[in-house]
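A few other places in the chain follow after that.

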Amino acid sequence: MKISNDLYLRASRGEKIERYPVWLMRQAGRILPEYRAVRASVSGFKELAETPELAAEVTVQPVDILGVDAAIIFSDILVVPDAMGLPYQMIEKKGPWFEHTIHSESDLKRLDIKIDVAERLSYVLEAISITKRELNGRVPLIGFAGAPWTILCYMVEGSGSKTFSETRKLLYTNPKLAHELLQRITDVTIIYLKAQLKHGADALQLFDSWAGILGHKQYQEFGMKYIQQIVNAIEGPFTVFSKGAYSALPALMDLACTTIGLDWNMNIEHARSLAGEKKTLQGNLDPCVLYGSESAIEKETLQLLHSFKSQRHIVNLGHGVYPDIKPENVKAFIKTVKNYEI
Ligand code: CP3
């Protein structure tokens, strides 16, 4: 189906655009009262994510209410370890929690092998099909997965952490086990992302939220190596968002993907000088800007837009939108981008 607002896709491919496209990481849910109403009708996050009709409904909400130029499927990066045989729970106000974690070769027995990925994650794929129908060609739909390194962090640690030192410890004490797991995650992720495209996702994004806690050499060995495999296996618009991976920026620019996501600490001019015109850059307003007044939001957003020296940009925050941001403030951000003439 032809997409009427395909700015996001054209910007991804480096084609001509009339204005910069804008969307927000973590736009589905969290900030919208309309999301909370749907969320309150079920037992919790997991049931919502596993009910395709409802997942599709909250995916479309930010398109209707905020006017973003792309939708992102409502799901979580943790559905992949869940499908591999390591179920997660989402604990209210705390975040994800895994009853079982992987620390040794014998823990690997907990994981199922030769899984039917499309069958285990059919609820996401069905949500994608329904969302595509409901979007009816208005804007593109982004599918996503976590990068193997970030998924490994949760499978080893079992919950969030400031340092993920258990996982970093494993890289030194048992690198063979780390590589074995990273390869298994990579293989499942490739099948999963291809299935998302087959079910109608127009573009994909890989979230490497914990890239920044690894040293340069370690990120090459335990992060980039697997991202590269994924990117090489996938066609079409593809964003790699490696949060905090400053020293990996030159290597990221060499990946066979269309777009590199930048967090708010990254310098756009520097990233552009590394990217030339061969990559689209996505980002990178500090999410905290959205706590300011509407005029402050406009000022900061304009400053960001003025700093672009190329058309190859997708406007976004430098990380996910925080849950207590007012929807009006998000709208002020989006309006500023939409009114800006290139
Ligand atoms: O972007 C979107 O709007 C689509 C949905 C989406 C969610 N999670 C829904 C969600 C996406 C793209 C994610 C990605 C994700 N999940 C990441 C990578 C991006 C990042 O923020 O760094 C990570 C690390 C996770 C793991 C995760 N999921 C955590 C740590 C938490 C708890 C804290 C939090 O962020 O709320 C979640 C829960 C989660 N995932 C919620 C939503 C809407 C909140 C759950 C709720 O409604 O109760």
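Helices (H or I, at least four residues) and strands (E, at least two) are DSSP runs, numbered from the N terminus.

This is a predicted model, in which local features need pLDDT of at least 70 and side-chain atom pairs count only at pLDDT 80 or more, while totals for chains, interfaces and linings use all residues. Residues are numbered from 1 along each chain as its sequence is written, and side-chain values use heavy atoms, with hydrogens and water left out.

Four residues of H14 are buried: Ile 297, Thr 301, Leu 304 and Leu 305. They cover an arc of only 95° around the axis, which puts them on the same side of H14. The arc is that of the directions from the helix axis to the C-beta atoms. An α-helix has 3.6 residues a turn, so residues three or four places apart point the same way. Ser 295, Lys 299 and His 306, on the other side of H14, are exposed. Here buried means under 20% relative accessible area, exposed over 50%, and partly exposed in between (1.4 Å probe, protein chains only).

What do the buried residues of H14 pack against? Their partners are helix H13 (268-275), strand E8 (280-285), strand E9 (313-317) and helix H15 (327-339), where contact means heavy atoms within 4.5 Å. The axes of H14 and H15 come within 9 Å and cross at roughly 40°. Axes are lines fitted to C-alpha atoms, for helices over the stretch in contact, and angles run from 0 to 180 degrees between N-to-C directions. From H14, the contact with H15 is made by Glu 294, Ile 297, Glu 298, Thr 301, Leu 302 and Leu 305; from H15, Glu 328, Asn 329, Ala 332, Phe 333, Thr 336 and Val 337 take part.

Strand E8, one of the partners of H14, contains Asn 284. A cis peptide bond, with omega about -20°, joins Gly 283 to Asn 284. The loop between E9 and H15 holds Lys 326, which is partly exposed at 48% relative accessibility. Lys 326 lies 24 residues from Leu 302 in sequence, and their C-alpha atoms are 20 Å apart.

Thr 186 is in helix H10 (residues 175-198) and counts as buried, at 0% relative accessibility. Residues up to four places away in sequence aside, Thr 186 touches Pro 148, Tyr 226, Gln 229 and Ile 230. Gln 229 belongs to helix H11 (residues 216-233) and is partly exposed at 26%. With neighbours within four places left aside, Gln 229 is in contact with Gln 183, Thr 186 and Ile 190. Gln 229 and Ile 190 are 39 residues apart in sequence, with 8.4 Å between their C-alpha atoms.

Two loop residues remain. Arg 26, in the loop between helix H1 (7-13) and helix H2 (33-40), has a positive phi near 65°. Lys 93 also has a positive phi near 65°; this residue is in the loop between strand E2 (88-91) and strand E3 (95-98). Most residues other than glycine have a negative phi, and most peptide bonds are trans. Arg 26 is partly exposed at 41% relative accessibility, whereas Lys 93 is exposed at 84%.
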